[in-house]
Amino acid sequence: ASLKLPPGPTPFPIIGNLHLISTLPHRSLCSLSHKYGPIMTLYLGSLPTIVISSPEMAKQVLKTQDHMFASRPVMGDDNHILSPHKIATAEYGPYWKLMRKMFVQELLSPKKMDSFASLRAREVCAMTHSILETAIRNEKAGASGSGGSMQTVDVTKEVTYFTGNIVSTMTFGRKCYETHLGGRPFKQLLDEVVALLTGFHYKDFIPLLGWLDLHGLGRRQSELTHIFNGYFERIVDEHLSERKKMETGEGDFVDALLSLSEDESMEIKITRDHIKNIIFDIDTSGNILEWAMSELLRNPLAMKRVQEELDSVVGYNRVVIECDLPHLKYLQMAVKETLRLYPSGPLLLPHQSKKHCKIAGYEIPKNTRVLINAWAIGRDPITWEEPNVFKPERFLASKIDVKGQDFELIPFGSGRRICPGINLALCMIQLGLAKLLHCFNWSLPEGISPKNLDMSEAFGNTMTRVVHLHAIPIPRLPFHLLHPKP
Ligand code: HEM
């Protein structure tokens, strides 16, 4: 007898339902769920894929039957940029457990978070300094009444450097965002890898068409693999030649992994290849910051409210510091609202069933790919009033949080595979946003109004803006606070 799979559109031979998926898959899948329901079957090529689009069904997959769905589909082989040696791509098992434990202990534990507080403070000042020069020029232009010549800052670049450099310094002791690899900026290459991790590749779904190399993806994947492999080889070599650090307690995550690789008592042998893959992070905090700034520029009243709160909690006589963040309730709500509207992984990362099982009476075969549409869940009109409107106030009367307990809002996922970087991400986003809005007033470049700011999402399955956000900063704190002596 045939299996009772969840409902879905009738597939065509070879392509299945791929023709129904646009360049923004989370949006197409959301529309399809209106027709077929919160759990549906889609054929991506010949592969049946289950797509989840409601809080109740997400709870089934990520909580009630979490143990069944905690694995990942295989996306690349050992030598591939999506090697299963990464924490994010590893199948559920002893290797993943060990690496995730190491990652949390050596990088993200409260003790480690504390020990890197000065790094975060330094980097947030570096971001302010970089913006300051433009802001001073603008202030002079404004004061002289000459109007015109107001200069913009590339906000996207500033915020992605800020969060990216913190994470890369914590992981392997280097600010990688200033780096160019193979003639291209690190950030651009990283975005491509994140898109590969979460995205739709025809080649994966239709092996028969692989040789056609649609979209040139196969070639780009080999290129990326080659570039990053060389970069991480150098990083491991550098750490090997400077091993003193560990003894003085200053070691970073790579040092900790190298020590683990030398531990003879380990049941799982950690190799150089593992290390190179594990240090490849998938932080997307910068994207959330750029969307938060975009929404606040479109909603001047909300921006004003964040600034009024900063003025009452921090004042004008000092700069904002991490200890202020718990008191900045409206700012926290603005960040939550951004994560609701722009979850950086709108379909989380793909999950996979370990065994044959059932959800809501439907059968899910072993090794089936499961996608959870966090974007659709965050905009579900049953949970959210005016779901497409940016309204931080909605959280005044709601206890819903982003940390994986409330299935109406799951930008970081939930359960065993929940993002381990939540606390670091929230801390960087809140600190960055507080600093940007405490130090500067912001406006849009000439000719762009809050109503016509381009908010398009880029092709693929990560929530980045198509065009970088540019805005005009004007200082709003005394100069000595913006530019403290080192
Ligand atoms: C706003 C920023 C971030 C967002 C929205 C985000 C979101 C996510 C999501 C949706 C997943 C997949 C969850 C699932 O499969 O169910 C994930 C996994 C992961 N994230 Fe994050 N993340 C962010 C920042 C970070 C940071 C700062 C780090 C580390 C420094 C990090 C490290 C990871 C890792 C290692 C995984 C894989 C976990 C696993 O498969 O066991 N993320 N993240």
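How do the residues of the shell around the ligand divide into nonpolar, polar and charged? This is taken up in the first view; the model is predicted.

**View 1. The shell around the ligand.** In this shell, 16 residues are nonpolar, six are polar and four are charged. The ligand has 26 residues around it, and those that come nearest are Ala-88, Gly-413, Cys-419, Gly-421 and Ala-425.

View 2. At least two residues of the shell come from each of α3 (94–108), α13 (285–298) and α17 (422–439).

**View 3. The largest nonpolar core.** This core holds 117 residues, and the most contacts inside it are made by Ile-52, Ala-58, Val-61, Ala-292, Ile-372 and Leu-433. Helix α17 gives the most to the core, with 11 residues; α17 also supplies at least two residues of the shell around the ligand. In soluble globular proteins, nonpolar side chains tend to be buried together.

**View 4. Surroundings of Val-61.** Val-61 is among the residues with the most contacts inside the largest nonpolar core. With neighbours within four places in sequence left aside, Val-61 is in contact with Ile-52, Phe-69, His-351, Ile-359, Val-370 and Ile-372.

**View 5. The protein chain as context for the close-ups.** The protein chain contains 18 helices and 11 strands. Its radius of gyration is 23 Å, close to the 23 Å that the globule rule gives for 486 residues, so the chain is as compact as a globular protein of that length. The C-alpha trace spans about 80 × 55 × 45 Å along its principal axes. Buried residues make up 42% of the 486 in the chain. Among contacts with a separation of 6 or more, 72% are between residues 24 or more positions apart.

Methods:
Residues numbered from 1 in each chain as written. Predicted model: local features only at pLDDT ≥ 70, side-chain atom pairs only at ≥ 80, totals over all residues. Near = placed C-beta within 6 Å. Helix = DSSP H or I, 4+ residues; strand = E, 2+ residues; numbered from the N terminus. Nonpolar A, V, L, I, M, F, W, Y, C, P; charged D, E, K, R; others polar. Core = buried A, V, L, I, M, F, W, Y, C linked by C-beta atoms within 7 Å. Buried ≥ 20, exposed ≤ 12 C-beta atoms within 10 Å, placed from the backbone. Contact = placed C-beta atoms within 7 Å. Rg over C-alpha atoms; globule rule 2.2 N^0.38 Å.
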